[in-house]
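Look over the sequence and the model before reading on. Then use the report to find your way around.

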Amino acid sequence: ARTEGYEIINKIVNKKKIKNILYISPPDMHAENFSLNKAQNYNYWNYAPYGLGVLAANLSDKYYKNYILNLNHFILKEANLFKGKNFPFDTLVSTKLKSTIEEFKPDFIVITCMFSQTHKSLQNVVEIIKKKSPSSLIAIGGVHVTNALVDSKTSVNFIKELKDVDFYFLYEGDNTLPNFINFVNGKLLKNEYLPSQLFVKNKNI
């Protein structure tokens, strides 16, 4: 099974090497349920993307270039500065995401999703990425991703709704994500291992 998993990964990656890694924290909410009034009164949570910081730190050697894009912080900051009634939520997210991709030119994009309320926002971010940078590999993880995939009642629809995602990481990725990227680049050491819980489309490898 492990050999088959390695073959599946190699087929998707198609001899690409990963050097520039973009980490994204989507807005916690999507445009339809966003309240400008709540944002301007500081009634939305704005957590620092600690988990993404840990992942980036574990891949901070000279070979890899890391960049963290906190879209939740970005949209709340823009809302606080906005003067007017019709806040351009989707336009701001799309423009910021596209400009970051254009400037950073990522080979691999890692997106976290901690809450079920962020699901539509996650979908939106994935769709924008695929249109702007179709050759970039996309991976997602986080509590919401894990919970959705381990439940047979939600896993099939979850993957259908996020069909442009290449890899779905379950549980903690502190060691398994760096090992996965090292494997893709042919740098995985003998005492290191690939994630035991990794979904690729409809396959759990």
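The report below goes from the whole chain to single residues.

## The model and its confidence

This is a predicted model, in which local features need pLDDT of at least 70, side-chain atom pairs count only at pLDDT 80 or more, and totals for chains, interfaces and linings use all residues. Residues are numbered from 1 along each chain as its sequence is written, and side-chain values use heavy atoms, with hydrogens and water left out.

pLDDT is the predictor's confidence in each residue, on a scale from 0 to 100. The protein has a mean pLDDT of 87. A value of 70 or more is reached by 88% of its residues. Confidence is highest in helix 4 (residues 71–81), with a mean of 97. It is lowest in strand 7 (residues 203–204), with a mean of 52. Where pLDDT is low, the predicted coordinates should not be read in detail.

## The whole protein

The protein has 9 helices and 7 strands. These are DSSP runs, numbered from the N terminus: helices are H or I with at least four residues, and strands are E with at least two.

Of the 205 residues, 47% are buried. Buried means under 20% relative accessible area, exposed means over 50%, and partly exposed lies in between (1.4 Å probe, protein chains only). The accessible surface comes to about 11300 Å². Carbon and sulfur atoms hold 51% of that surface. Such areas come from the Shrake-Rupley method with a 1.4 Å probe; for residues, only the protein chains shown count as cover.

Residues 24 or more positions apart account for 77% of them. A contact means heavy atoms within 4.5 Å.

## Aromatic rings

Rings of Phe, Tyr and Trp (its six-membered ring) pair if their centres lie within 6.5 Å; planes under 30 degrees apart count as stacked, over 60 as edge-to-face and the rest as tilted. The count comes to 10 aromatic pairs. Why is the pair of F34 and Y44 stacked? The ring centres of F34 and Y44 are 5.6 Å apart and their planes are at 10 degrees, so the pair is stacked. F34 lies in the loop between strand 1 (20–25) and helix 2 (36–40), and Y44 in the loop between helix 2 and helix 3 (50–57), so the pair ties together parts 10 residues apart in sequence. F34 is buried at 13% relative accessibility, and Y44 is buried at 17%.

F82 and F87 make an edge-to-face pair, because their ring centres are 5.3 Å apart and their planes are at 75 degrees. F87 is buried, with 14% relative accessibility. One aromatic cluster is formed by F34, Y44, F82, F87 and F89.

A charge can also sit over a ring: NZ of Lys or CZ of Arg must be within 6 Å of the ring centre and within 35 degrees of the ring normal. K19 lies over the face of Y63, at 5.8 Å from the ring centre.

## Buried strands and helices

Is strand 4 (residues 137–141) mostly covered or uncovered? It is mostly covered, with 5 of its 5 residues buried. On one side sit L137, A139 and G141, and on the other I138 and I140. Strand 4 pairs with strand 3 (residues 108–112) in the parallel sense, over 5 bridges. Two strands pair if DSSP finds at least two bridges between them. The bridge partner of T112 in strand 4 is G141.

Y168 lies in strand 5 (residues 167–169). Y168 is buried, at 0% relative accessible area.

Helix 9 (residues 176–184) has 9 of its 9 residues buried. Among them are P178, F180 and V184. T100 belongs to helix 5 (residues 89–104) and is buried, at 6% relative accessibility. Leaving out residues up to four places away in sequence, T100 touches L22, Y67, L69 and K105.

## Positive phi

Most residues other than glycine have a negative phi. Y42 has a positive phi, near 60 degrees. Y42 is found in the loop between helix 2 and helix 3 and is exposed, at 62% relative accessible area.

Y171 also has a positive phi, of about 60 degrees, and is not a glycine. Y171 is in the loop between strand 5 and helix 9 and is exposed, at 52% relative accessibility. After helix 9 comes G186, with a positive phi near 70 degrees.
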